[in-house]
Amino acid sequence: MSIFTRGFSGRGRDDNPALPPGQYLTEDFPVLSAGPTPTVDKADWEFTITTETGETHRWNWEQFMALKIDQVDTDIHCVTRWSKLGTSWRGVSLDTLFADVETSAGYTMAHSYGGYTTNVPLDDLLDGKAWIAFEFDGEDLDPEHGGPARLLVPHLYFWKSAKWVRGLTMMENDDPGFWEQNGYHTYGDPWQEQRYW
Amino acid sequence: MTEHLDGNVLAGPLSELFRDDMTTAIGRCAHCGDVSVLATALVYDAAPGWCVRCHACGDVLMTLVWAGDRLRIDLRGVTALEVGD
Amino acid sequence: MVGAWLVGTVAETRKETSTGRSILLDVPDWPGNIAGQHVDVRLTAPDGYQATRSYSVASAGDGSRVQLAVDRLPTGEVSPYLVDDLMTGDLLEVRGPLGGWFVWKPEQTAPVQLIAGGSGVVPLVAMLRSHGASGSTAPMQLLYSVRAPHDRFFADELETLGNVTYAYTRAVPAGWPSPPGRLTKDALAAATLPASESPAVFVCGPTGFVEAVATWLVELGHEPGAVKTERFGG
């Protein structure tokens, strides 16, 4: 049993209704990473969607930038308890990328340059809920924030928004990704405070 | 540059599981076979949990996740640990 | 048992710099510590939320009085509390002493080169103190890279602890022979024991500083295994 620390309340505990439970507001953009920042040249970059039959859809940077681009204004919530409101992104909707993909599998595994993985149900990527984002605040996405491009799934905790994303693989089952194997919640809804198993 | 710490910082958390000081323990990397004291591992603490990587090849040695009042340690990348003077 | 949480009482706090202070803790169950070890400090909010961080111990040896020194990180959660809010008489939970690798023991006879960046000087001060208290005859010297004279931790004590060289990165004292600037490989070579003397080298500071210095030391001929590092983060 631990003692309480006089005068320590922890950060946040804000009453702002835009904040999910247990989150505090930040103005800066903390860099969270489980490893070194990979160097990914746009000339070598590609994004793939691989279905359960092994069929692969592939975009290089030029093809990707020729797709319909969305402006996205959204709040983001990190499991380390910071939230950032009103962030501004540009990216390609997963609806656009999945338009020609035939699949009956219900789950996806996002794979990143550098080896990171995270699992997301397909339903959470469609209907205007997720993007492959390449611009933040009017600038190219910094490598330390996931550039050239990252997954953006803002309604889930931000570890689901895989940095340096390079592809999605369809899965029949909701297999856990990197952090999900090791104690983090398989779904990660910030409003339900689904931080851990 | 992505910041990381040294394995020294693992001393406290690993003392939850091990009696000996584990930062002077020798570990073998499952990926490249490097054999080093854990104090020299790279600890990426700016993440949902801590990700501990081999200083030689950069592969993941272990992860530590604090889930409420429980600590979960995954030793996926360590094939051997040795303690003693 | 290593991992037990101990309760200390703050005996005194001392302002060290404009952003940092040292904290003297009385920890009745403290077993004493080796120079260079650290503690984990755990803060608990009324709603049960806890935050834990590691801090180097500036003291060494027997006794139940433990000295920590903390620099306030602007975006930190724990360091602002320790630097601005903690008061004499407060209780603080610590776990330690921790770590058996980044340590110096009086029975070690090899020459020692200590290299600090900013508040990374704290565990190295413990080594200088241990060295002095033990009457060790092993040569020991410190290179301390710091922003400005008023940013030095333990400034007065370092004057008496012996062989210290300063490298100022932003501002220098009046009459200083060279302008402020980032430490360079040449300046490092000039201010530290050469590899030919096979010193044990301890480097502590922010990640970028430690990375640069450790790389230069190896380029200057030091055995990688003789260079021990401790990075501190945010």
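Strand 3 of chain C, residues 38-44, has 5 buried residues out of 7, so the strand is largely enclosed by the rest of the structure. Here a residue is called buried if 20 or more other C-beta atoms lie within 10 Å of its own, exposed if 12 or fewer do, and partly exposed in between, with the C-beta atoms placed from the backbone. Strands (E, at least two residues) and helices (H or I, at least four) are DSSP runs, numbered from the N terminus. This is a predicted model, in which local features need a pLDDT of at least 70 and side-chain atom pairs count only at pLDDT 80 or more, while totals for chains, interfaces and linings use all residues. Residues are numbered from 1 along each chain as its sequence is written, and chains are lettered from A and ligands numbered from 1 in the order in which they are written.

Two strands are said to pair if DSSP finds at least two bridges between them. Strand 3 of chain C runs antiparallel to strand 4 of chain C (residues 50-56), and 7 bridges join the two; within this pairing, Val41(C) has Arg53(C) as its bridge partner. The two strands form a hairpin with 5 residues between them, and in the turn Gly48(C) has a positive phi of about 95°. Strand 3 of chain C is also joined by 4 bridges to strand 6 of chain C (residues 91-98), again in an antiparallel arrangement, and there His38(C) stands opposite Leu98(C).

## Leu124 in helix 2 of chain C

Leu124(C) belongs to helix 2 of chain C, which covers residues 122-134. Because 32 other C-beta atoms lie within 10 Å, Leu124(C) counts as buried.

Two residues are in contact if their C-beta atoms, placed from the backbone, lie within 7 Å. When residues up to four places away in sequence are left out, Leu124(C) touches Leu114(C), Ala116(C), Leu142(C), Phe202(C) and Cys204(C). Gln108(C) is 16 residues from Leu124(C) along the chain, and the C-alpha atoms of these two residues are separated by 15 Å.

## Helix 5 of chain C

Helix 5 of chain C (residues 207-219) has 13 residues and reaches 18 Å from its first C-alpha to its last, which is close to the 18 Å expected at 1.5 Å a residue; the expected span is 1.5 Å times one less than the number of residues. Its buried residues include Thr207(C), Phe209(C), Val210(C), Val213(C) and Leu217(C). Seen down the axis, the buried residues of helix 5 of chain C fall within an arc of 160°, so they line one face of the helix, where the arc is that of the directions from the helix axis to the C-beta atoms. An α-helix has 3.6 residues a turn, so residues three or four places apart point the same way.

On the other side of helix 5 of chain C, Gly208(C), Thr215(C) and Glu219(C) are exposed. The cover over the buried residues of this helix includes strand 7 (112-117), strand 8 (140-146), helix 4, strand 10 and strand 11 (227-232) of chain C. After helix 5 of chain C comes Gly221(C), which has a positive phi near 105°.

Most residues other than glycine have a negative phi, and most peptide bonds are trans. A cis peptide bond joins Gly96(C) to Pro97(C), with omega about 0°, and Pro97(C) lies in strand 6 of chain C. The peptide bond from Gly147(A) to Pro148(A) is also cis, with omega near 10°, and Pro148(A) is found in the loop between strand 9 (139-140) and strand 10 (150-152) of chain A.

Arg81(A), although not a glycine, has a positive phi of about 90°. Arg81(A) sits in the loop between strand 4 (70-77) and strand 5 (82-93) of chain A, and counts as buried because there are 20 C-beta neighbours inside 10 Å. Ser198(C), which is not a glycine either, has a positive phi of about 50°. The loop that holds Ser198(C) lies between helix 4 (185-191) and strand 10 (200-206) of chain C, and Ser198(C) is partly exposed, with 14 other C-beta atoms within 10 Å.

## Chain B as a whole

Chain B contains 1 helix and 8 strands, and from the N terminus on its elements run β-α-β-β-β-β-β-β-β. Of its 85 residues, 51% count as buried.
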